[in-house]
Amino acid sequence: NQPAGTWSDDTSLTLALADNLLAGGDSPDLECIAWGFTEWYGKGAYTPHGKVFDVGNATAEAIKRLKKGVAPEKAGGTGERDNGNGSLMRIAPLTFYMFGIRKAEERFRIVREVSSITHAHEWSVALLHLR
């Protein structure tokens, strides 16, 4: 029941990633990216109407852990029930960030770290690597 032109939680998190990606220089600053995610969840940042209306379970739990002070690289769930495609849908900005400047191992490390902010289960990360 959203107005025409409304984008999803996945797009909001993509915008949060893109907006906070370059703060780290040569390597993404996971704290800045995590801050963007918590601003989205808590304050409606990056949403079309200033209101969060949909949040995946794994993402919500990870952001709650971030708010409690858990490090971004440890916030994403690692259990089988934490597996999901939420991080897959938002990683497009990483393509541009890494274009032509990283070896495959380095690209995988960066994608794994950014994905793990909300989805750290090995299947989630492996699916990203296969894409």
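**Close-up views of a predicted model**

View 1. The model is predicted, so local features need pLDDT of at least 70 and side-chain atom pairs pLDDT 80 or more, while totals for chains, interfaces and linings use all residues. Residues are numbered from 1 along each chain as its sequence is written, and side-chain values use heavy atoms, leaving out hydrogens and water.

**View 2. W40 and Y41 form a tilted aromatic pair.** The structure holds one aromatic pair (ring centres of Phe, Tyr or the six-membered ring of Trp within 6.5 Å; stacked under 30 degrees between planes, edge-to-face over 60, tilted for the rest). In the pair of W40 and Y41, the centres are 6.0 Å apart, with 50 degrees between the planes. Y41 counts as partly exposed, at 25% relative accessibility.

**View 3. C32 sits in helix 2.** This helix covers residues 30-43 (a helix is a DSSP run of H or I, at least four residues, numbered from the N terminus). C32 is partly exposed because its relative accessibility is 24%. Leaving aside neighbours within four places in sequence, C32 is in contact with N20 and A23 (heavy atoms within 4.5 Å).

**View 4. C32 and K103 lie 24 Å apart in space.** That distance runs from C-alpha to C-alpha. In sequence, C32 and K103 are 71 residues apart.

Definitions and conventions: Helices (H or I, at least four residues) and strands (E, at least two) are DSSP runs, numbered from the N terminus. Buried means under 20% relative accessible area, exposed over 50%, partly exposed in between (1.4 Å probe, protein chains only).
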